Amino acid sequence: GRVMEKNVRLRVLYVMELFVQQTDAENGVTMQEILDWLADHNLTGERKSIYEDIHALKEFGLDIQYTQSDKTYRLASR
């Protein structure tokens, strides 16, 4: 229903806000931290959905990079 539509539309924006506000070349966030951030804003998402959001943000032009060593995602450059 409408709650789900709202959730999907807003979720990618909140994911973007998290990357912009809290990550940079030195500081990343884990998938769990992304899920917790969304929960704090009353939004839900499965990992698969978050991967899709991250992919969409990369296509939009954000330089989001994944670091294997600590399994974090970050906005590497602005």
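Two strands count as paired if DSSP finds at least two bridges between them; helices (H or I, at least four residues) and strands (E, at least two) are DSSP runs, numbered from the N terminus. This is a predicted model, where local features need pLDDT of at least 70, side-chain atom pairs count only at pLDDT 80 or more, and totals for chains, interfaces and linings use all residues. Residues are numbered from 1 along each chain as its sequence is written, and side-chain values use heavy atoms, with hydrogens and water left out.

Q: Which residue in β2 stands opposite Tyr66?
A: Let's start with the pairing: β1 (residues 63-67) and β2 (residues 72-77) run antiparallel, joined over five bridges. In β2, the residue opposite Tyr66 is Tyr73.

Q: What is the phi of Lys71?
A: Lys71 belongs to the loop between β1 and β2, a hairpin with four residues between the strands. Most residues other than glycine have a negative phi. Lys71 is not a glycine, yet its phi is positive, near 55°.

Q: Is Asn42 buried or exposed?
A: Asn42 sits in the loop between α2 (31-40) and α3 (47-60), with a positive phi of about 60°. Buried means under 20% relative accessible area, exposed over 50%, partly exposed in between (1.4 Å probe, protein chains only). Because its relative accessibility is 72%, Asn42 is exposed.
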